[in-house]
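Here is a short report for a reader new to this structure. Look over the sequence and the model first, then read on.

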Amino acid sequence: MALDEEQSSAGHEMRRAIDCLRDCAELAEADIGTLEALAAGAVHFSLPAGSLLFESGSTPDGVYLLASGRLGVKTPGNSRLTAEIERSELVGEAGWLLREQRSATVFALRDSELLLVPNSVLDAIAAQSTHFALALARLCARRLRRSNRQEADKKRARVFAIVPNSVEIDIANVATRLVAEFARAGRTELVWDARASTHTAGWFNSIEEQNDYVVYVADPNASGWTRQCCRQADVILLVAPSVAHPKPWPSGIAEAALARGARVELALLHDERIETGAATRWLRASPVALHHHIVDAADLGRLARLLTRRGVGLVLSGGGARGFAHLGVIRALREARVPIDFVGGSSIGSIIAAGVAVGWSDDEMCMRYRRSFVDTNPVNDYTFPWVALTRGRKVSRLLQREYGEVLIEDLRRPFFCVSANLTTGRALEHREGRLADALRASVAIPGVMPPVYRGEDVLVDGATINNLPVDIMQTHAPGLVIGSDVGADRFALGRRTWRSINIIQILMHAGMVNSASTEALQRELADVLLKPPLANVDLLNWRAFDRAIQAGYDYARLALEGLPAIPRLPVAAGRSSRSSLTAELERRLAATI
């Protein structure tokens with residue numbers, strides 16, 4: 001009886017191996033004899049997520065077929081994945097064909113099941129079937145061509161693990177609301193411990209294949225289920241109450257995720273308003289790529305878009321007084337219901353982007369920037385030019401008045417700004433610390449305002465190196481990136497022009513010349529580039545405030561009509577009248593002067 005059971009089990013494994021081989025597209029034309037020979041010599045094994053299959057430089061032991069799960073491929077010198085191996089795909093064929101050491105490192109991105117066909121079995125089958133060896137050679141050629149063309153990965157599910165920091169969090173509410181947001185973009189599955197704890201790696205794999213997004217809800221402790229969720233995930237979302245004292249997450253989860261290329265992000269739950277300083281406290285205890293503040297449904301929608309890389313990032317260039325056109329562009333985007341999920345900028349663009357990140361309305365931004373740039377000239381506190389023509393104190397006071405002690409970490413929307421580090425000769429991205437300090441560095445026009453000193457670093461206007469930092473926005477991968485470019489393309493040098501300019505204008509133009517070639521590249525990188533016509537607005541003409549705004553608005557409104565593919569938010573409910581809102585803003589702003 002025991003022998004019968006053993007034979008039955010062996011027969012089942014044989015049939016299972018043949019089924020796996022038959023599902024492989026590369027072996028679709030192989031005859032049953034070849035498949036049986038491969039199955040008879042194959043070794044079936046499991047590989048937990050994060051585990052190494054083989055290393056670059058190792059000696060090939062055979063060819064692997066992925067029966068379930070997913071594998072990641074990294075080539076030497078690359079920190080990111082070079083490719084991913086899906087179910088029913090072969091891997092390691094080049095080492096066998098070329099009889100050379102492995103050229104890449106392959107590891108499990110999911111709990112995976114594989115078949116290893118050893119070299120000896122492959123050699124024997126290849127000697128009898130030229131079709132088999134030719135099929136593997138074709139696979140190598142296709143992968144090489146795909147790599148050369150840098151083809152995009154095929155569509156696949158995005159998998160998320162939500163890990164609460166404590167039992168006090170209503171994680172069921174957070175998860176179901178987040179899944180509802182995901183479901184706006186595709187089929188989404190929510191998986192709980194009670195439902196999934198008894199299933200195999202193959203079941204998890206099928207759930208991914210049947211959905212666009214899968215959300216696993218983990219425990220607040222280092223349970224087996226929590227570890228399994230995190231092994232399966234592309235993104236681990238740590239969820240914490242902002243008012244609580246930070247405590248460590250389950251041991252090893254974040255480190256293991258980062259080691260296999262998964263992202264770790266933090267969502268802070270707030271009650272009615274953002275808890276000042278909470279982000280700084282939690283970020284010290286959480287090695288995350290990005291953090292999010294959740295106050296209301298709009299924040300949850302933005303979180304869902306950013307997690308699934310369907311968000312919209314807005315990058316605003318420098319350009320002196322021309323930067324006011326950004327206000328018109330922003331108004332047009334909001335009226336067209338285009339979400340602004342992540343903002344960044346350089347020079348004057350960083351100041352406008354900060355207003356969006358803080359959460360100011362169109363009216364509030366116009367009022368604040370009018371009183372800071374139009375009602376007073378921000379760059380007329382002249383001094384003897386040992387370092388710069390102005391003291392820079394006036395700009396510092398204006399930034400302090402508008403932004404106070406606000407920290408970048410506490411901004412409602414993710415934000416960055418750029419300054420130029422003269423010590424290193426590179427652009428510096430500001431993602432933390434006092435917002436006013438970062439903005440002061442980003443607008444420190446060389447020769448016009450004194451630089452900002454931070455330790456051994458000497459920081460000046462970001463426009464000198466990167467006036468339209470689209471590349472930095474893309475590293476955060478929000479999804480679609482819109483660039484609003486108001487920079488001066490050229491500076492007329494005719495006799496009449498020279499008679500009407502001053503030294504500050506020359507220094508501002510000179511400071512932007514070095515980034516001209518970089519700016520051309522940044523424009524190419526943007527998914528959508530908006531460039532309002534501003535030739536009649538001088539870099540220092542602060543009085544052109546309303547004219548620049550209108551030019552930006554008119555241009556962007558017409559441009560958006562021709563871009564129907566840009567994401568749009570649902571139509572909002574009733575809004576307050578403009579006149580009453582304006583009156584209230586005037587009252588509030590007057591009280592702060």
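Contact here means heavy atoms within 4.5 Å. Helices (H or I, at least four residues) and strands (E, at least two) are DSSP runs, numbered from the N terminus.

## Ground rules

This is a predicted model: local features need pLDDT of at least 70, side-chain atom pairs count only at pLDDT 80 or more, and totals for chains, interfaces and linings use all residues. Residues are numbered from 1 along each chain as its sequence is written, and side-chain values use heavy atoms, with hydrogens and water left out.

## Overview

The protein has 23 helices and 22 strands. Of its 593 residues, 53% are buried. Buried means under 20% relative accessible area, exposed over 50%, and partly exposed in between (1.4 Å probe, protein chains only). Take the contacts with a separation of 6 or more: residues 24 or more positions apart account for 77% of them.

## Two helix pairs

Helix α14 (residues 348-358) meets helix α15 (residues 362-374). From α14 come I348, I351, I352, G355 and V356. From α15 come M365, Y369 and F373. The contact residues divide into 7 nonpolar, 1 polar and no charged. Ala, Val, Leu, Ile, Met, Phe, Trp, Tyr, Cys and Pro count as nonpolar, Asp, Glu, Lys and Arg as charged, and the others, Gly among them, as polar. The two axes come within 10 Å and cross at roughly 145°. Axes are lines fitted to C-alpha atoms, for helices over the stretch in contact, and angles run from 0 to 180 degrees between N-to-C directions. The crossing of α14 and α15 is right-handed. A crossing is left-handed if the near helix is turned anticlockwise from the far one by less than a right angle, and right-handed if clockwise.

Helix α13 (residues 325-335) and helix α22 (residues 545-561) form another pair, with axes that come within 6 Å and cross at roughly 35°. This crossing of α13 and α22 is right-handed too. Residues of α13 in the contact include A325, L327, V329 and L333. Their partners in α22 include F545, I549, Y553 and L560. The contact of α13 with α22 holds 11 nonpolar, 3 polar and 3 charged residues.

## A covered helix and strand

How many residues of helix α12 (residues 297-307) are buried? The count is 9 of 11, and the helix is mostly covered. The buried residues are D299, L300, G301, R302, L303, A304, R305, L306 and L307. They pack against β9 (158-164), α6 (171-182), β12 (235-241), β13 (263-269), β14 (290-294) and β15 (311-316).

Strand β12 is mostly covered, with 7 of its 7 residues buried. V235, L237, V239 and P241 lie on one side, and I236, L238 and A240 on the other. Strand β12 pairs with β9 in the parallel sense over 5 bridges. Two strands pair if DSSP finds at least two bridges between them.

## A four-stranded sheet

An open sheet of 4 strands has the order β2-β7-β4-β5, with antiparallel pairing. β2 (52-54) and β5 (83-85) stand at the edges, each with a single partner strand, so one side of each has no neighbour in the sheet. Neighbouring strands are turned by 30° against each other on average, direction ignored. β2 pairs with β7 (residues 105-108) over 2 bridges, in the antiparallel sense. L52 has F107 in β7 as its bridge partner.

## Aromatic pairs

The whole structure holds 16 aromatic pairs. Rings of Phe, Tyr and Trp (its six-membered ring) pair if their centres lie within 6.5 Å; planes under 30 degrees apart count as stacked, over 60 as edge-to-face and the rest as tilted. The ring centres of F45 and Y64 are 6.1 Å apart and the planes stand at 80°, so this pair is edge-to-face. F45 lies in strand β1 (residues 43-47) and Y64 in strand β3 (residues 62-68), 19 residues apart. F45 is partly exposed at 23% relative accessibility, whereas Y64 is buried at 4%.

W203 and F204 are also edge-to-face, at 5.2 Å centre to centre and 85° between the planes. W203 is buried, with a relative accessible area of 18%. F204 is buried as well, at 1%. W203, F204, Y216 and W225 form one aromatic cluster.
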